[in-house]
Amino acid sequence: MSSPTNRPGAALARSHTIQLVREKLPHLDVRTIAHRLSYGSFVSLEHKILYFETPKAACTTIKSLLRDLCGAPPMEYPIGAQRESRRDMFIHIRSNVPVPSLLDLDEQTQRHVLTAPDFLRFSIVRNPYTRLVSAWRNKIMLCEPGYEHIYRKLMGDMPSLHSKKILAFEQFLRFIENEPDLRSCNAHWRRQVDLLLYPAIPYTHIGKLEQLPMTMDLIGKHLGAAKPLRAGRSNSTGGGGRDLIDAATAARIYALYAEDFEAFDYDRESWQNISDSRDDPAVVPETRFIDEIIERNLIISYLYEQYAEGESRYRDCYRLSLARVRNRLSRVWDAVRRPSKVTAR
């Protein structure tokens, strides 16, 4: 399936969904909307579902459910497409959830998906306070692949070999405050109203991570499931943050994400009710710790294997290549041109 974003700009602009979004959100250009629709929307025509992902808000859980519904083949782990430290996180490579996006559909089908009363059009959002803390813990504090440049930018260098210094949440918040535009920045801390193209997309349900079982029940009823759906393991590194957020910090976060608080009905003072870190300790359970280490070791091993395979292929190609012949001829030519040494008598 070719990417819809490869279409000429004029063809993209005529898309029903893009026109719908531009009417409500005129500040977004066609390519930005197209990229978001292509990556972030998932349509199961068979099950009459439209899902819009929100990073750090159960998107791994819902994508896993969509894979099960469509009978997806085993996940692929393409090197270079996305940097991940766990195998299950490769689910975020779009091809690993093989259902079409809105832009993969013809115009008539797009209209049907966006208006049919029997379609479940949903997404899941999260309290902006805990979502930002989770992004820091999962991506920044642990220096996840692809995010190490933020550590270097804020700390002046990469973590030392020993006695590593943790980049504090306060430092990360200052980084967020200096982002040029929270409407188009990294998806893990982009405003949720922009990720969901809200209110242009006519959702029938916007669930909350804090009430995830309610949304899972709704999906189960829509699918006619015989048993209640259960949320799988999340990749979140914790939903706490009360020890990180005080009144002054909360005010700064609210100023950045006021639209999210208002659009999705989150209380500005909800930071006071966030579970304390003692309920969600930084010292993780041993089973989780072991699981994380094993996953990272397996990814490291896989990368070494890919490197060795690539090196072997290079050697095989080099043996048969013109470059090898050229290098040999070059050495011969150098030897011919080199003046011979005259032996003294």
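Tutor: Let's start with a term: two strands pair if DSSP finds at least two bridges between them. This is a predicted model, so local features need pLDDT of at least 70 and side-chain atom pairs count only at pLDDT 80 or more, while totals for chains, interfaces and linings use all residues. Residues are numbered from 1 along each chain as its sequence is written, and side-chain values use heavy atoms, with hydrogens and water left out.

Student: How many helices and strands are there in the protein?

Tutor: Both are DSSP runs, numbered from the N terminus: helices are H or I with at least four residues, strands are E with at least two. Going by that, the protein has 13 helices and four strands.

Student: In what order do the four strands form their open sheet?

Tutor: Look at the edges first: strand 1 (41-44) and strand 4 (205-208) each pair on one side only. The pairing is mixed, and the order is 1-2-3-4.

Student: Do strand 1 and strand 2 pair in the parallel or the antiparallel sense?

Tutor: In general, strands of a sheet pair through backbone hydrogen bonds, and both senses exist. Here, Val43 stands opposite Leu50 in strand 2. The hairpin of strand 1 and strand 2 has four residues between the strands, and Lys48 there takes a positive phi near 55 degrees. Over four bridges, the sense of strand 1 and strand 2 is antiparallel.

Student: And strand 3 with strand 4, how do they run?

Tutor: Find Ile124, which stands opposite Gly207 in strand 4. Four bridges join strand 3 (residues 120-125) to strand 4, and the two run parallel.

Student: What is the bridge partner of Ile49 in strand 3?

Tutor: Strand 2 and strand 3 also run parallel, joined by four bridges. For Ile49, the partner in strand 3 is Leu120.

Student: Are the residues on both faces of strand 2 buried or exposed?

Tutor: Buried means under 20% relative accessible area, exposed over 50%, and partly exposed in between (1.4 Å probe, protein chains only). On one side sit Ile49 and Tyr51, on the other Leu50 and Phe52. Both faces are covered, and these four are all buried.

Student: Which side chain makes a polar contact with the side chain of Thr130?

Tutor: Thr130 lies in helix 6 (residues 128-141) and is buried, with a relative accessible area of 9%. A polar contact is a pair of N or O atoms within 3.5 Å; within protein, one must be able to donate a hydrogen and the other to accept it, and residues adjacent in sequence count only if both atoms are side-chain atoms. At 3.3 Å, the partner is Arg126.
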